[in-house]
Each structure stands twice: as structure tokens, then as C-alpha cells.
Amino acid sequence: MSLDSALSLLDDFVNKCPSGKQTIFLGIDPGSTGAFALVNSQDPSTAIALDIPTVKVPTGKKGRTGKPGYRTEVDLGALCALFDLVEKLPARLHVIIEKQQPMPRDTALTAFSVGKNFGMWPLFLYSKGISHDTVSPGVWKRAMGLSKKDKEFSRMQAQKLFPNAELHRKKDHNRAEALLLAEHARRISDGK
């Protein structure tokens, strides 16, 4: 999804949120190819999920094909543009971030990337004046009846709960998990 499309979708969501006592739950899957999702406590059918905007950065090394190598990083400028709209929500915002940590089998570069992608979110949200909570994957997935590993099952469950959300491709599992994370926060808030 292009930045313009994401901005348009987010702008529509913001404009459909009546001011009042509802809470908007924002779930963040913080990976470099992660996503974030917004669920309105009064109307979950309007939920949206967006990929975290990314850019390809040259590594300076050649890949297996002999072509220049690239790595994916968060596009901070595009992320700021999206969150400028999130800040305009006329409702209370409850943010929950999936806590991530490197696995023992990860390379040093992967471990660094995982730490950087998770660690930037609290600072970014703080800079926007937005408080947040974190939750480990095992806790929220168990509460939502999900397996830790089955991304496709997560996508299918999110499609059932949020049929209007853009989750049509297999690679939309990050969007699905962001939606389910926001739904988990909503259910905790409602005492379910």
C-alpha cells in the first residue's frame, strides 16, 4: 500500500470517529515488516490495519546474484506523517505494543534489528505524547486462542473478527496480528 493510500485510509478512519467517550485501541507489531491497527471500541467493524512504512537501504554489499544488497528499514518520515493523523483522533487512545526480543538462534544483525525496531516505538510514541503498554506474544496470543507460530491461522481469525480490514494476502499476517493485538487490549479493557 502506498503512503498516499495509507494516509487516505487513516484519514477516513479519523473522520468516522465521533468525538465522545469511545476508546481507540492501537495495536503495534513492531517488526521492520510489521504493522499497526486501530480498533474503535464503539464500532469494531471500522477497524483498519496498515503496514509500517519501510524503505530499502543499500547495504554496500553484493547479494548472491551479484546485484547490490538492500535491507528493509522503517521509513521514519512516513511513519511521522501517519501518526500526525493518529494524533487527531477525537477519542481516547490506548496503545499496546508487542514486546519483542531476539531469539538465541538469531544472528547479531538480526538481534540488533529486532531490538532497534521494538526500542524505537516507546521513544517515538513518547515524542508524540502518547502513552503505551507492552505485552509479550505468548500472553496475548494465548488469550486470543492463537498458536505462537501459525501466522496464517492468525490472519484467518482476524478476517473473521474484522471482515472489512484489508487482510486478503498471506503476507498480511502482520496486519492481522496488529488487529488481534488491538482486540486483545479492547477485551482486557472491557473485562472479557
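## Starting from one asparagine

Author: The side chain of Asn 40 reaches the backbone nitrogen of Gln 42 at 2.8 Å, a polar contact (N or O atoms within 3.5 Å, one able to donate a hydrogen and the other to accept it; residues adjacent in sequence count only through side-chain atoms on both sides). The model is predicted: local features need pLDDT of at least 70 and side-chain atom pairs pLDDT 80 or more, while totals for chains, interfaces and linings use all residues. Numbering runs from 1 along each chain as its sequence is written, and side-chain values use heavy atoms, without hydrogens and water.

Where does Asn 40 sit? Its place is in strand β2. Helices (H or I, at least four residues) and strands (E, at least two) are DSSP runs, numbered from the N terminus. Asn 40 has a relative accessible area of 3%, so it counts as buried. Buried means under 20%, exposed over 50%, partly exposed in between (1.4 Å probe, protein chains only).

What lies around Asn 40? Leave aside its neighbours within four places in sequence. Asn 40 is then in contact with Phe 13, Cys 17, Gln 22, Thr 23, Ile 24 and Thr 46. Contact means heavy atoms within 4.5 Å.

Now move to the core. The largest nonpolar core has 29 residues. A nonpolar core is a set of buried Ala, Val, Leu, Ile, Met, Phe, Trp, Tyr and Cys residues joined through side-chain atoms within 4.5 Å. Phe 36, Phe 83, Trp 121 and Leu 125 touch the most other members. Who supplies this core? At least two residues each come from α1 (3-16), β1 (23-29), β2 (35-40), β3 (48-51), α2 (76-86), β6 (92-98) and α3 (108-127).

Take Phe 36 as an example. Residues up to four places away in sequence are not counted here. Phe 36 touches Leu 26, Gly 27 and Ile 28, among others. Its list also includes Ile 48, Ala 49, Leu 50, Asp 51 and Ile 52. Leu 79, Leu 82, Phe 83 and Ala 178 are on that list as well. A second, separate core of 22 residues includes Ala 47, Leu 146, Ala 158 and Leu 179.

Rings come next. Phe 36, Phe 83, Trp 121 and Phe 124 form one aromatic cluster. Rings of Phe, Tyr and Trp (its six-membered ring) pair if their centres lie within 6.5 Å; planes under 30 degrees apart are stacked, over 60 edge-to-face, the rest tilted. The count comes to four aromatic pairs. One of them joins Trp 121 and Phe 124, edge-to-face, 5.7 Å centre to centre, with 90 degrees between the planes. Both residues lie in helix α3, three residues apart, about one turn of the helix. Trp 121 has 0% relative accessibility, so it is buried. Phe 124 is buried too, at 11%.

Leu 7 and Leu 82 are 75 residues apart along the chain, yet their C-alpha atoms are separated by 6.1 Å. Beyond four places in sequence, Leu 7 touches Ala 81, Leu 82 and Leu 85. At 21% relative accessible area, Leu 7 is partly exposed.

Next, helix α5 (residues 151-161). At its start, a side-chain oxygen of Asp 150 reaches to within 3.3 Å of the backbone nitrogen of Glu 152. Which residues of α5 are buried? They are Ser 154, Arg 155 and Ala 158. Seen down the axis of α5, these buried residues fall within an arc of 100 degrees, so they line one face of the helix. The arc is that of the directions from the helix axis to the C-beta atoms. What covers them includes α6 (173-190).

His 184 has its place in α6. It counts as buried, at 6% relative accessibility. Setting aside residues up to four places away in sequence, His 184 touches Ile 96, Val 135, Trp 140, Ala 143 and Met 144.

The loop between α5 and α6 holds Glu 166, which is partly exposed at 39%. Glu 166 and Leu 50 are 116 residues apart in sequence and 8.4 Å apart in space, C-alpha to C-alpha.

Last, confidence. The mean pLDDT of the protein is 85, and 95% of its residues reach 70 or more; pLDDT is the predictor's confidence in each residue, from 0 to 100. Confidence is lowest in α3, at a mean of 78, and highest in β3, at 94.
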